[in-house]
Amino acid sequence: MGLKSKIKAYQKVYQDIKNNPDIAEEKRLPGKTYFIQNHDILCLPREDGDSRYPLGKDGFNYWVYASGYMHSNEGLFSHYLRASEGQEPKIAFFAGFEGEAQYDVIPLLAVPTMQTNRPVERYTVFTASSAYYLTEIGDIKFGLRVFVDEDKKTYWSLIAENTSGEKQNVFVSSYFNPFLKNAVMEGAENRWFRQSSVMPRRGEQNLDSFLIEVYEEKDRGAMMPNYAVFTRHIQVSEGASVIKTEETTSRNDYVGGTRSSLHTPKSLYQGTFGDSKKVTAFTEVGIAGDMLHLELGPYSDVRIDSVMSCCFEEETKNLAISSNLSPQAIDRVEESLLTSDKERQQGIKVNFGKRLRGNIKEEVFNTFFEHLKKQVEFCSLIKGYIQLSNFSLIGIRDVYQALEGLLFWQPKAARAKMLEGLHFIQPDGRVPRQYSLPAFEGAPPAMDLRAFIDQGVWIISTISTYLKYTGDMDFLDEMCGYHEFVNEKAHVAKKLDKQSSVLSHMFDIMDYLLKNRDMTSTGCVYALYGDWNDALDGLGVSKNKDKTYGSGVSVMATLQVYQNCLEMIELLSHLGKEKYEEKIKIYWKARKELEEGLVKYAVVQNEEGDKKIIHGWGDERSYLVGSFNDPDGLARDGITSNAFWVLSDMYSKDLSIKNHILKAYDRLDSKYGLKTFHPHFEKGTDGVGRIPNLPQGTAENGAVYIHASLFGIMSLFKMGEVQRAWEQLAKALPFTHQIISVSPYVVPNSYGYNKEKKIDGESMQDWQTGSSNVMLKTLIKYVFGVQPEYDGVWIQPGRDIPYETMEVTMGLRGCKVILKYVNQNSSTRRFKVNKKDEEGIYDEIMHQKRLWIDYEKLSNMETIQVEIID
């Protein structure tokens, strides 16, 4: 389907939703957003937030917003800087209509904001690989498509169509102001090393091109060029014609001077750039701007294609300048991208049937799952600088948690990213909080070296899941390097010549974790700088000012290391018990010591016999957090220690703790789900770090931090509390809400609530959040019920799923696995494998039957179908 046909299809969908309330309600999400055909997303204008989508892949992100803002980067290199809310955009498109005194100028994106008396309707459609911005101004309809290809070229295709029987004159104008540097913000010197030029058309090109050159310092002896080449092509239908075209490389030409902006573009109001500058350098910012005056006869249209190639070599720059793609070829590029994305996401599919109860709409849930996969893929393969600040790097805990989700349908991509991260640990097994990929070969990487104790635990767990799922034991023999952390405060690290295997790296990490236990007192794991809940970063502070860290403990991290010990025991036993006998003994001994310390110190009891699993304690156990008497004198609950008591399997040692965990969850529950802490911490609370400086009811300070909420939901499923788990899952899903301030089709990081500050459901951010991978893993492990082990897989969907049916298709060890769940409201569970009855095994923890399938059985099959009947 060509561009014009797609635009017409989206125009029809918009009219259907606009004019048919029943259709709108069926497809509606919060934030004036709708799921439409092919999992596409329709966004209508709103003022209470913005929706966005990342185009590109493998760490190159071209962000498109429903508002029309766009920006892009790959690691530290920014093609286009992000404009803050209300600021002048870096990319803009306009239409101009003749008026009495000046042209009536109308943005074809919702930014910049400009006033007009003409009737304007705007809406946006996101596909998996492109964005469509549709603007209807009377009888003239505009459609702008943008996408990026595999080579990171950016394509903008604009169609202006006259839908009336009368001739109409209009101009269209585009504005591009790329950054093209390895930096997080503009500086005063940027324009000194930048030049923009108009390039004469070549070959089949029928519009002039632009070349923007930016030079930046590679080292003291060399500057390197970064080029942006814009090639342009115009296609005119019968009855339409081009009256004239103008180009400028001067921002001042375009907006009217240094005090003006795109909100008041003087040249557009005048309908001409005048005596425009064809070369701009040094004294002002060089851009690529054009203005095309068109005559649109009855039912005619004009299409303008602009392609930006970013180049770093003279040869590739010259090739880009001479290149030209026809509109039809550009449409085929988009189609190939959509096909490629569909194939990449085929590895796991789900379809929920008719809903039996609750408010999770089945059609919306099915489509949401597709975008959830995209979100996990995005979080897994980032190259840093998503927030475009100096320390928005590649977080170890963030990426490895995401990779534990990605590996279920993109194991090769997960494998490569895991290997990348392992190169940045220290020989003693200490793991950085964040790392980055050097901007230039030989440059030292930017790293966050703060000693958050939990970083390594996620590596062990993720590799364990990868090996169980794939059986790729060769991964353990891959060689990885090391870095030395030279200066933690200055964030200085240097690459070492030393290398060792992945398995050796795992031993190093375990050594570091086990050395950081308080063996003189509690036997639990030190908090050091902090744990997963990095806003509560005060537990590791020493009372002795001469010591960097005290003996404060993180209960969550202790539980995770307890789990890591078992993961290593299982792995080494699978590789060969005799070969790794000594290591296995070390991990069994450590696990027993951790268990004893947790039982003795992590569970506290009051006079009434109520118990709490506390969050942790400060130096020399001088105060507790998440206890009956915290430093502020309040009784408090924290979610992560309760959740990981279950998820780490400590729970199986004494099931009587269940009621106390459920009571804690009752106290933590709220309008939007399970809060991270209740009550919140007031400013001035001693011993807990920076968390009290967050407003009440935001982020980790008494809000629903969805990442943590989902840990709790996982634990509810694991304890067999499936009804409570589904109730909480419904609260965690964004599309069940009335208000969402960010993109409602992916998981945000939190839902805030503070009546005094008028916060009610708003979120800090979307897309880059660990909430996505925990949501995915909750669905895979406890809703779909797929739990891989080394010799086989457990099939264990949570009982009484609130849909008549659920069908899941995924790959496992080279076999296509089809799970078909049917809810017949039966008191017993039955299994069928390829139509034959199989007997399940009752699980005392989950209170349900589950089915074991040996991998040897899968190895003889191309497809296996498992039916679960409740």
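These legends describe close-up views of a predicted model. Local features need pLDDT of at least 70, side-chain atom pairs count only at pLDDT 80 or more, and totals for chains, interfaces and linings use all residues. Residues are numbered from 1 along each chain as its sequence is written, and side-chain values use heavy atoms, with hydrogens and water left out.

**View 1. Helix H12 packs on helix H13.** H12 spans residues 555-576, and H13 spans residues 581-602. Helices (H or I, at least four residues) and strands (E, at least two) are DSSP runs, numbered from the N terminus. The angle between H12 and H13 is about 155°, and their axes lie 9 Å apart. Axes are lines fitted to C-alpha atoms, for helices over the stretch in contact, and angles run from 0 to 180 degrees between N-to-C directions. H12 is therefore roughly antiparallel to H13. Angles under 35 degrees count as roughly parallel, over 145 as roughly antiparallel, 65 to 115 as roughly perpendicular and the rest as oblique. The crossing of H12 and H13 is left-handed, meaning that the near helix is turned anticlockwise from the far one by less than a right angle. Residues that meet across H12 and H13 include Leu559, Tyr562, Leu566 and Ile569 in H12, and Ile584, Tyr587, Arg591 and Leu594 in H13. Contact means heavy atoms within 4.5 Å. By class, the contact of H12 with H13 has 16 nonpolar, three polar and three charged residues. Ala, Val, Leu, Ile, Met, Phe, Trp, Tyr, Cys and Pro count as nonpolar, Asp, Glu, Lys and Arg as charged, and the others, Gly among them, as polar.

**View 2. Helix H11 also packs with H13.** H11 covers residues 502-515. The H11 and H13 axes are 12 Å apart, at an angle of about 30°. H11 is therefore roughly parallel to H13. Their crossing is left-handed. On the H11 side, the residues are Phe507, Met510, Asp511 and Leu514. They meet Lys583, Tyr587 and Ala590 in H13. Five residues of this contact are nonpolar, none is polar and two are charged.

**View 3. Val376 is buried in contact with residues from several parts of the sequence.** Val376 sits in helix H7 (residues 362-380). Its relative accessible area is 0%. Buried means under 20% relative accessible area, exposed over 50%, partly exposed in between (1.4 Å probe, protein chains only). Leaving out residues up to four places away in sequence, Val376 touches Ala402, Gly405, Leu406, Trp409, Ser772, Asn773 and Leu776.

**View 4. Ala732 and helix H18.** Ala732 belongs to helix H17 (residues 722-732). It is buried, at 3% relative accessibility. Beyond neighbours within four places in sequence, Ala732 contacts Ile706, Leu710, Ile713, Tyr751 and Met775. Helix H18 (residues 771-783) is mostly covered, with 13 of its 13 residues buried. Just after H18, Gly785 takes a positive phi of about 80°.

**View 5. Asp630 is a buried loop residue.** The loop runs between strand S32 (624-625) and strand S33 (637-638). Asp630 has a relative accessible area of 4%. Its side chain makes a polar contact with the side chain of Ser627, at 2.7 Å. A polar contact is a pair of N or O atoms within 3.5 Å; within protein, one must be able to donate a hydrogen and the other to accept it, and residues adjacent in sequence count only if both atoms are side-chain atoms. Not counting residues up to four places away in sequence, Asp630 touches Leu624, Val625, Arg636 and Phe681.

**View 6. Two cis peptide bonds.** One joins Val111 and Pro112, with omega about -5°. Pro112 lies in the loop between strand S9 (104-107) and strand S10 (120-126). The other runs from His678 to Pro679, with omega near -5°. Pro679 lies in the loop between strand S34 (677-678) and strand S35 (704-705).

**View 7. Positive phi at Phe282 and Tyr385.** Phe282 is not a glycine, yet its phi is about 70°. This residue is in the loop between strand S20 (279-281) and strand S21 (286-296). Phe282 is partly exposed, with a relative accessible area of 49%. Tyr385 has phi near 60°. Tyr385 is in the loop between H7 and strand S24 (394-395). Tyr385 is buried, with a relative accessible area of 7%.
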